[in-house]
Amino acid sequence: MPLIALLPGDGIGPEVIAEGRRVLEALGLDLTFEEAPVGGAAYEALGHPLPVSTLDLAEQADAILFGAVGDARFDTLERALRPEQAVLGLRKELNLYANLRPAKLFPGLEDASALRPEVAGAIDLVIVRELTGDVYFGEKGRRETIEGLREGYDLMAYDEVEVRRIAKIGFDTARGRTGKLCSVDKANVLETSQLWRDVVIETAADYPDVTLTHMYVDNAAMQLVRNPGQFDTIVTGNLFGDILSDQASMCAGSIGMLPSASLGHGGKGMYEPIHGSAPDIAGQGKANPCATILSAAMLLRHSLDQPDAADRIEAAVIAALTGGARTADLGGGMSTRAMGDAVLAHL
């Protein structure tokens, strides 16, 4: 019986995770659930954002459904104890090196996007982001220059193995969609990006059925606003992917609607909404749970090999939206629980 680790975290995390669990339970699958603290909640309870007990559960589980972490109350802690370190720690310890972030405008939500409806309506893409390299995991620190000035540094680095394995995920994802892959880098300035581009081109030889293009990250940011419909699958590094995926989500209307998957070898994955912990609305029942519910669908598809169940969830979300279900971020007034109820009604 598959074990799902539930890591609700901080802010609205527990509220949206509760709805994701309700949807999974309603499917009638043989699943077991175990919950553990993470982020600021874990620091308050156990003195660390990623306690050993939580990491042990994550390692034992077949998949992880993650809420959100972070709160300004913890910003004064040393960096290693801040809530966000839990996410980086899980990615590193579980070797979750590939992040899949679909961005799609759901029917009826055209007005929720900042883009013109005819532009926003064409958004249907996936960003494949490398997760365990780049400046987030490179050497970093502070030092003093010879002039006596304080200086901070973060090393951006990739080796060819890291690039090749994420490139393969990008090509495989594109192959399963429309066969178009755009690799985003900054090869005109960064040596790291030049290696990235070289290795992606080498990898393309194994995928003759996929059309590969390249784009500098600044142009990609502009094109996501000007003509997002041109993209199908984007593969890029950790830093660029972090920025572009958030931009794509807002082009699609609301970060409350979009899921993500962080994958490693062997099917293990961590699934989470792309939004943050939103402490300003925590406990008020206002959060949109759809991104978490759709993350649960990705969990079923990628880690548990249950594509039919995943399709049921996604269809139920679309049906709920088509029927007029809207939380505050979508211009409506439904509570978190009521939106969960609307999805459940269509399963």
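Modeller: What follows covers helix pairs, then some individual residues. This is a predicted model, in which local features need pLDDT of at least 70, side-chain atom pairs count only at pLDDT 80 or more, and totals for chains, interfaces and linings use all residues. Residues are numbered from 1 along each chain as its sequence is written, and side-chain values use heavy atoms, with hydrogens and water left out.

Biologist: Start with α10 and α11. At what angle do they pack?

Modeller: Helix α10 (residues 290-302) and α11 pack at about 160°, and their axes are 7 Å apart. Axes here are lines fitted to C-alpha atoms, for helices over the stretch in contact, and angles run from 0 to 180 degrees between N-to-C directions. Helices (H or I, at least four residues) and strands (E, at least two) are DSSP runs, numbered from the N terminus.

Biologist: Parallel or antiparallel, then?

Modeller: That angle makes α10 roughly antiparallel to α11. The cut-offs are under 35 degrees for roughly parallel, over 145 for roughly antiparallel, 65 to 115 for roughly perpendicular, and oblique for the rest. The crossing of α10 and α11 is left-handed, a term used if the near helix is turned anticlockwise from the far one by less than a right angle, with right-handed used if clockwise.

Biologist: Which residues meet there?

Modeller: On the α10 side, Cys290, Ile293, Leu294, Ala296, Ala297, Leu300 and Arg301; on the α11 side, Pro307, Ala309, Ala310, Asp311, Ile313, Glu314 and Val317. By class, this contact of α10 with α11 has 11 nonpolar, no polar and 3 charged residues. Contact means heavy atoms within 4.5 Å. Ala, Val, Leu, Ile, Met, Phe, Trp, Tyr, Cys and Pro count as nonpolar, Asp, Glu, Lys and Arg as charged, and the others, Gly among them, as polar.

Biologist: What about α11 with α12? How do those axes cross?

Modeller: The axes of α11 (residues 307-322) and α12 (residues 336-344) come within 8 Å and cross at roughly 115°. That makes α11 roughly perpendicular to α12. The crossing of α11 and α12 is right-handed. Ala316, Val317, Ala320 and Leu321 in α11 meet Met339, Ala342 and Val343 in α12. The residues of that contact divide into 7 nonpolar, no polar and no charged.

Biologist: And α1 against α10, what is the angle?

Modeller: Helix α1 (residues 13-26) packs with α10 at about 45°, with the axes 8 Å apart. α1 and α10 are therefore oblique to each other. Their crossing is right-handed. Val16, Ile17, Glu19, Gly20, Val23 and Leu24 in α1 meet Thr292, Ile293, Ala296 and Leu300 in α10. The contact of α1 with α10 has 7 nonpolar, 2 polar and 1 charged residues.

Biologist: Different topic. Which residues of α8 are buried?

Modeller: Val217, Ala220, Gln223 and Leu224 are buried in helix α8 (residues 217-226). Buried means under 20% relative accessible area, exposed over 50%, and partly exposed in between (1.4 Å probe, protein chains only).

Biologist: What do they pack against?

Modeller: The buried residues of α8 pack against β5 (124-130), β8 (180-185), β9 (211-216) and α9 (238-251).

Biologist: Now valine 200. Where does it lie, and is it buried or exposed?

Modeller: Valine 200 lies in helix α7 (residues 191-204), and at 0% relative accessibility it counts as buried. Leaving aside neighbours within four places in sequence, valine 200 is in contact with Val163, Ala167, Phe171, Ser183, Leu212 and His214.
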